[in-house]
Amino acid sequence: MKWAVVVFPGSNCDEDAAQAVRETTGDVVDLVWHDATDLSEYDAIILPGGFSYGDYLRSGAIARFSPAVEAVRREAGAGKLVLGICNGFQVLTESHLLPGALLRNNHLQFRCEMVELVVDNNTSPFTRAYQLGERIQIPIAHGEGRFHADPETVEDLRKRGRIAFRYAHSPNGSVADIAGILGEGGNVLGLMPHPERAIVDWMGSVDGRRLFQSMHQYVEEGLADARANA
Amino acid sequence: MKTFDVEVRVWLKPSVFDPQGHAVEQALHTLGFDGAQNVRIGKYMHLTVTGETEAEARKSVEQMCERVLSNPVMETYAYELKETVV
C-alpha cells in the first residue's frame, strides 16, 4: 500500500509521521505539498502535526481551504483512510470531516508530555490491533486540544462508538475526556496525541506502532480481497 | 459600486468555557475590581467590502463570518457596516 503525508506551510511533524510509517509498516510514503489536487493514488493519507499557515485566525482554519484538503475530502468520501494528528485533527474539524472543534486548553498552558489513553473502540481500521479498554502511553504536544462539541453530538459519538481514544486523566479539559474521534464512515480518525512519537523504545513508549500497523493490515486485507475478486 | 467599512467581532459562544476570559477576570479581582464579571476575550477584524447595495454587502459579510471568520461550532459573531464616504 501507499501512504501520503500532506505538508502545509508550517507543518512540523510531517517527516516524523512518514518515518513512523516506514519504520512500522515498511510501506512507501510520499510527502505531498499542500497544493496537490489529486491524492487518488494513495491508500492512506496523514495530515500531520504542526502549525499550518501559522494557525492564523484559528488552528486549521486556513489549511481547510487548501487544494490538498479538498482532495482529502474526496478520498475520505471514497472510503480511503485519513488520519489527522494534532494540527491535522484541527484541520479535519475545521473542514467538517469530523464534528466539534479544538479550543485553548482549559489551563492555557502548552502541554508536552506522555499521557495515558484508554482505547474506547478497537474495531476501527485504526485501532483493531489494540484491546478494548487497553491503556496506552502516547505523548501530547498542544496548546489547543480541548475538544468541544454540543452535548447531542458527544452523546451521538459515544453511542456510535466513534470515540476512539479517551484520556485517562484529561490534560486539557476536553469534553468527555475525548482524545480522538472517528468520522461517520469510520475511515477518518482525528487525535491530538502523537502516535508517531511512540514507535521505538528510546521514545519512552512503542504504543503508537499498532495504530499504523492497524491501518496497514486493514488496507492490505482490502487489497487482497479486491485481488481475489478480480 | 459602493465601498463599505466593516468591523467584525468574534467571540466564544456563552456555552463554551473561555479560559482567557476567566484568567483576566481573576486578575481584575486581584486588582480590586470586584464588580468585573463574565469577562470574554474575542477577536476584532476590520475590512472593507464593495457591493452594489448595502444589502448585498451585508449578505457577503455574513457569508464570510459563517464560513471563514468564525467557526459556528464554538464561536458567535457580530458586525457593523457603514458606507465609506470618499
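Modeller: In the lining of the largest pocket, ten residues are nonpolar, six are polar and eight are charged. Here Ala, Val, Leu, Ile, Met, Phe, Trp, Tyr, Cys and Pro count as nonpolar, Asp, Glu, Lys and Arg as charged, and the others, Gly among them, as polar. This is a predicted model, in which local features need pLDDT of at least 70 and side-chain atom pairs pLDDT 80 or more, while totals for chains, interfaces and linings use all residues. Residues are numbered from 1 along each chain as its sequence is written, chains are lettered from A and ligands numbered from 1 in the order in which they are written, and side-chain values use heavy atoms, without hydrogens and water.

The space in the largest pocket comes to about 370 Å³. (A pocket is an open set of points on a 1 Å grid over the protein atoms alone, where a 1.4 Å probe fits, with protein on both sides within 12 Å along at least five of seven lines; lining residues have an atom within 4 Å of a point. The volume is the space filled by probe spheres set on the points, which are joined across faces, edges and corners.) There are 24 lining residues, and those closest to the centre of this pocket are L103(A), R104(A), L12(B), K43(B) and E75(B). At least two lining residues each come from α3 (87-94) and β5 (101-103) of chain A, and from β1 (2-12), α1 (19-30) and β2 (42-51) of chain B. Helices (H or I, at least four residues) and strands (E, at least two) are DSSP runs, numbered from the N terminus.

The second largest pocket holds about 210 Å³ of space. Its lining has 16 residues, with G50(A), F51(A), F110(A), A141(A) and H142(A) nearest the centre. Two or more of the lining residues are given by each of α3 and β7 (135-142) of chain A. By class, this lining has five nonpolar, eight polar and three charged residues.

An unreviewed UniProt entry annotates C86(A), H194(A) and E196(A) as "active site"; such annotations may be inferred rather than shown by experiment, feature names are shortened, and positions follow the numbering used here. Although these residues span 111 residues in sequence, no two of their C-alpha atoms are more than 11.0 Å apart, so they gather at one spot. From this set, C86(A) and H194(A) belong to the lining of the second largest pocket. C86(A) sits in the loop that runs between β4 (81-85) and α3 of chain A.
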